[in-house]
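This report covers a multi-chain model.

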Amino acid sequence: MRLILAFLVLLGLSLPLHADDHEGLPAVPKATGEPHPEGNEYWRKNHMTLLLHDRDLTLREGEREDIRASLESCFDCHTVKDEAGEAVTIEDERHFCRVCHDYAAVKPDCFTCHRSTPSDNVANRLMATPEEPNSIAAYLERLKALEADESEASQ
Amino acid sequence: MERTIYRTIKATPASWGVAILLAAIIGAAGLAVLTIEHYGHIITGMNNQIVWGLPHVFAIFLIVAASGVLNVASISSVFGKKAYKPMARFSALLSITVLLGGLAILVLDLGRPDRLIVAMTKYNFTSIFAWNMILYNGFFAIVGAYLVVQMTQGLSPRVHKAAGIAAFTWRLILTTGTGSIFGWLVARPGYDAAIMGPLFIAMSFAFGLALFILVTLALFRLDGRIFGDKLMLRLGNLLGVFVAVVLYFTIVQHLTALYAEEHAGIERFILLDGGAYTTLFWLVQVVLGALVPMALVFLRPSRASTILASFLVILGGLAQIYVIVIGGQAYPLQIFPGYEVLEGFNEGVVNSYSPTIYELALGLGGVALALLAAGLGAKILRVLPTNLSDANYPD
Amino acid sequence: MTNRAEMTRRDILKSGAAVATLTLAPGVTLMTFGGSEANAARADAGKRWGLLIDANKCAADCSACVTACKTENGWGNDGGEHSGPETESAWIRKVTLRDKHTGRQVSAPVMCQHCESPPCVDVCPTGASMQRVDGIVLVDKHICIGCRYCMMACPFKARSFVHSDVPEQSVNAPRGKGVVESCTLCVHRVDRGRIPACVEACEASGNSAILFGDLKDPESPISRALKQYSSIALRADLELNPGVRYQNL
């Protein structure tokens with residue numbers, strides 16, 4: 001009997017929550033940039049699978065160009081700024097990832113190792129062109145020139 | 001010979017006291033783990049040179065001892081010695097809980113203990129460490145089944161024997177695996193030796209029996225049951241033999257290494273000028289952990305000498321594993337033979353290690369967990385005989 | 001070795017996620033998982049990246065390679081009140097040595113030697129220690145459990161365990177508390193056609209003691225140098241065939 005009472009009380013408590021379900025949902029922070037062609041619902045549902053898939057592709061296969069889901073590119077658009085105009089880190093509960101993850105009580109295991117803000121260090125993001133001095137192509141050219149000099153000097 | 005009757009132990013104030021003490025130690029270990037989790041391993045004494053520390057010493061001691069604890073059961077069902085039969089159930093139970101304690105330490109010391117599921121689902125089969133995880137899980141399953149077989153009425157002795165042989169074979173493989181964690185490390189001169197497998201098996205025989213004697217005796221005392229003097233002397237004598245075998249393998253290990261010039265450095269370090277490691281080796285491992293116990297049980301056999309010898313074997317065992325695990329890492333890697341290092345941090349010098357309270361708490365917590373689980377097991381399962389008095393063994 | 005990315009790909013196809021995409025629009029699937037694998041820039045099994053370090057050219061008082069590596073990958077300043085040099089990461093370190101018999105002094109940087117048969121990969125229980133098809137040895141920190149067995153197995157002390165929290169890492173090298181890390185041969189640069197940071201810094205310092213290149217290409221400068229001059233591998237007795245070689249050591 002007491003169990004049934006407790007159950008009824010619980011039921012009563014949970015009912016109002018169900019009633020205004022949509023009001024309780026977290027407000028997803030506004031993003032910048034082009035919208036996902038697949039649509040937001042698709043990404044909300046599948047972002048973890050896509051990230052998991054592409055992380056292995058990047059780390060294990062060395063794929064750097066054909067990567068759709070990377071945290072680095074997430075934060076290109078999905079960044080929340082604080083009062084000072086700085087991007088907030090995962091420590092802040094306004095952070096893009098935390099808004100939903102806190103609501104769903106799911107702790108993402110990404111940010112022990114990954115930075116949670118956009119980086120201004122973009123030097124390595126694009127494929128190198130031979131004109132860049134630190135490209136492998138330019139480096140090999142310099143070595144070739146050096147070798148030519150040396151063989152000239154020895155002659 | 002009367003039939004052995006198994007009874008659960010009673011909850012006396014004394015046993016409650018012991019249980020609360022053990023639970024407190026486990027609680028302290030839990031706090032230590034949470035603190036390490038929060039701050040990272042930076043608050044421990046372990047570092048990038050000594051990567052495995054005091055927790056691993058306790059963990060490896062318990063894992064090695066676990067398979068040795070099972071020997072009492074094996075002696076009865078595989079080798080048919082009737083005197084050991086009444087202790088076989090508890091031997092199987094204790095071996096499970098001791099392994100549990102050891103593994104708990106190992107898991108909780110991981111950098112990411114929250115990823116235990118990864119260790120359980122992703123196996124790299126070239127890793128002896130991964131094989132060990134399978135061996136540990138198999139040990140729980142096989143010894144668990146062996147315990148069930150022993151406690152089931154009316155099974156044929158052939159089933160008993162088959163289960164006993166399976167468990168005995170598995171434990172030999174398991175301890176070889178534990179030894180191979182070190183034996184297969186080619187990089188470090190202190191390890192990299194095939195003798196690690198057999199040495200660890202010998203160690204497990206000695207440490208396991210010593211632990212079994214002390215734990216069984218403690219439970220018997222708490223519950224007011226009789227443990228006969230003759231049986232005690234018999235176990236003590238066996239312990240002496242096992243300790244002699246460990247000493248033999250230790251001598252062979254070091255003589256072999258001494259003969260090879262490439263290992264002269266590490267041998268000199270352990271045997272001669274390694275400071276604490278040398279002291280631990282000669283004084284604690286060899287004298288207190290081997291020679292004194294042998295003298296006690298062979299020259300002055302008595303109840304008290306067996307108990308003292310068991311304590312000393314455990315102390316010596318911890319020292320031996322400390323010397324192997326920490327000593328092997330403290331001795332510098334020889335990356336540039338023929339050169340002396342002028343600059344380069346921690347290059348070519350003996351690495352220092354001073355364990356902190358967190359590591360000690362974690363290690364002791366594993367021991368306490370093993371003991372508390374064994375006591376709880378004896379409380380709810382009929383694994384301990386009502387008496388082990390000498391009247392039961394006319395010979 | 002099993003291809004984990006392919007396995008994951010199959011997993012996705014099996015999972016509801018893929019079904020959802022397929023029903024949404026087949027084109028979406030093509031964009032997300034597709035792309036021609038043939039022309040994608042991936043780690044190339046036809047290459048093996050390596051370094052040749054000339055100890056004669058390496059200046060004892062120069063540590064440009066170490067500084068560049070720290071900046072590039074964001075290690076070396078993990079801080080904290082308990083922090084000390086014993087617990088600090090060291091992806092690359094400078095050593096100065098003196099020959100015990102002749103008294104000759106040399107300097108050289110030591111980093112992950114990117115062995116052909118890496119002991120760290122053999123011993124790793126989860127497969128987090130891994131080798132790419134182009135020979136670069138990495139730690140997959142996503143599945144590293146922090147057991148440190150690879151550090152026990154490495155003959156070169158090349159690996160470090162992260163002992164404390166690392167906030168806001170470099171995008172170049174994600175790294176964090178509780179897992180093991182080591183030199184990646186600047187895989188994030190190499191994959192996009194750039195030379196490793198230490199090589200760039202060494203060249204910029206004027207010493208040019210580190211030569212980078214493809215060991216499988218017989219015409220590459222590193223292959224020709226190795227063929228022409230004598231060089232050694234550290235711990236050559238272990239027959240690990242490292243991708244990092246030393247000259248004049």
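## Phe58(B) and its surroundings

Setting aside neighbours within four places in sequence, Phe58(B) is in contact with Ile105(B), Gly363(B), Gly366(B) and Val367(B). Contact here means that the C-beta atoms of two residues, placed from the backbone, lie within 7 Å. Phe58(B) and Val367(B) are 309 residues apart in sequence, yet their C-alpha atoms are 7.7 Å apart in space.

Phe58(B) is part of helix α2 (residues 54–69) of chain B. Helices (H or I, at least four residues) and strands (E, at least two) are DSSP runs, numbered from the N terminus. Phe58(B) counts as buried because 26 C-beta neighbours lie inside 10 Å. The cut-offs use C-beta atoms placed from the backbone: buried takes 20 or more others within 10 Å, exposed 12 or fewer, and partly exposed falls in between.

## Basis of the model

The model is predicted: local features need pLDDT of at least 70, side-chain atom pairs count only at pLDDT 80 or more, and totals for chains, interfaces and linings use all residues. Residues are numbered from 1 along each chain as its sequence is written, while chains are lettered from A and ligands numbered from 1 in the order in which they are written.

## Helix α12 of chain B

Helix α12 (residues 303–330) of chain B has 28 residues. From first C-alpha to last, α12(B) reaches 40 Å, close to the 40 Å expected at 1.5 Å a residue. That expected span is 1.5 Å times one less than the number of residues.

α12(B) bends by about 25 degrees at Val323(B). The bend is the angle between axes fitted to the seven residues ending at a residue and the seven starting there. α12(B) is mostly covered, with 22 of its 28 residues buried.

## Contacts between chains

Chain A and chain B do not touch; their nearest C-alpha atoms are 10 Å apart.

Strand β3 (residues 339–343) of chain B runs antiparallel to β2(C), joined by four bridges. Strands pair if DSSP finds at least two bridges between them. Within β2(C), Thr96(C) is the bridge partner of Glu343(B).

## Chain A

Chain A has six helices and zero strands. Buried residues make up 23% of its 155 residues. Among chain A contacts between residues at least 6 apart in sequence, 39% join residues at least 24 apart.
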